[in-house]
Amino acid sequence: MRILIAIDGSDVALRAARYAIKLAGNLKKTPELHLAYADEPLMRSVALNLGLEGTARYHAENSDAAMRKARAAFNRAKLEVREHLSVGDPAATILKLAQSNRCDLIVMGSHGRSPIKSLFLGSVTSKVLGADAVPVLIVR
């Protein structure tokens, strides 16, 4: 089994990572775990000012900050996890990573917004869930 855990650095994403750890511990065979962070692209003018190296460093630092606590939780659980940093639309990136790594499940957090707020705000979780490509487990 392959599980992709979507991380954005929030407390709810950390809860999703901890749930994935618990799930992995309950399976007969340890699953292949993928920890994914999708960073929004920088505005073109900002990226041009930073240059290629500066832009890469910016995204790497964002990824490290977002994954730090989840990475520590996987390390404490003695579970190996593959880390992925992608730049692009978070929902599309999560789905692409799940498909390219042939994941059987996506685990991600939801802030538990009301349906009305979600309709206007457009959450990454609802976009991934609506894609119907890979089963999604939502942790609140």
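This is a predicted model: local features need pLDDT of at least 70, side-chain atom pairs count only at pLDDT 80 or more; totals for chains, interfaces and linings use all residues.
Strand β1 covers residues 2-7. Five of its six residues are buried, so the strand is mostly covered, with buried meaning under 20% relative accessible area. Strand β4 spans residues 105-109 and runs parallel to β1. Three bridges join the two.

β1 also pairs with strand β2, residues 32-39. These strands run parallel as well, and six bridges join them. To get from β1 to β2, the chain passes through helix α1, residues 11-26. This β-α-β crossover is right-handed.

Now look at the loop between β1 and α1. Ser10 is found there. Is Ser10 buried or exposed? Ser10 is buried, because its relative accessible area is 19% and the cut-off is under 20%. The Ser10 side chain makes a polar contact with the side chain of Asp8, at 2.6 Å.

Next come the charged pairs. Side chains of opposite charge can pair when their charged atoms come close. The structure holds five salt bridges. One of them links Glu32 and Arg2, with the closest N and O atoms 3.4 Å apart. Glu32 lies in strand β2 and Arg2 in strand β1, so this pair ties together parts that are 30 residues apart in sequence. Both residues are partly exposed: Glu32 has a relative accessible area of 25%, and Arg2 has 23%.

Helix α2, residues 44-76, holds another pair, Asp64 and Arg68. Their salt bridge brings the closest N and O atoms to 2.7 Å apart. Why are they separated by about one helical turn? They are four residues apart in the helix. Asp64 is partly exposed, with a relative accessible area of 30%. Arg68 is partly exposed too, at 47%.

Asp64 has a further partner. Its side chain meets that of Arg71 in a salt bridge, at 2.9 Å from N to O. Arg71 is partly exposed, with a relative accessible area of 22%. Salt bridges that share partners join Asp64, Arg68, Arg71 and Glu83 into one network.

Notes: Residues are numbered from 1 along each chain as its sequence is written. Side-chain values use heavy atoms; hydrogens and water are left out. Buried means under 20% relative accessible area, exposed over 50%, partly exposed in between (1.4 Å probe, protein chains only). Two strands pair if DSSP finds at least two bridges between them. A crossover is right-handed if, with the strands pointing away from the viewer, the path from the first strand over the helix to the second runs clockwise. A polar contact is a pair of N or O atoms within 3.5 Å; within protein, one must be able to donate a hydrogen and the other to accept it, and residues adjacent in sequence count only if both atoms are side-chain atoms. A salt bridge is a side-chain nitrogen of Lys or Arg within 4 Å of a carboxyl oxygen of Asp or Glu.
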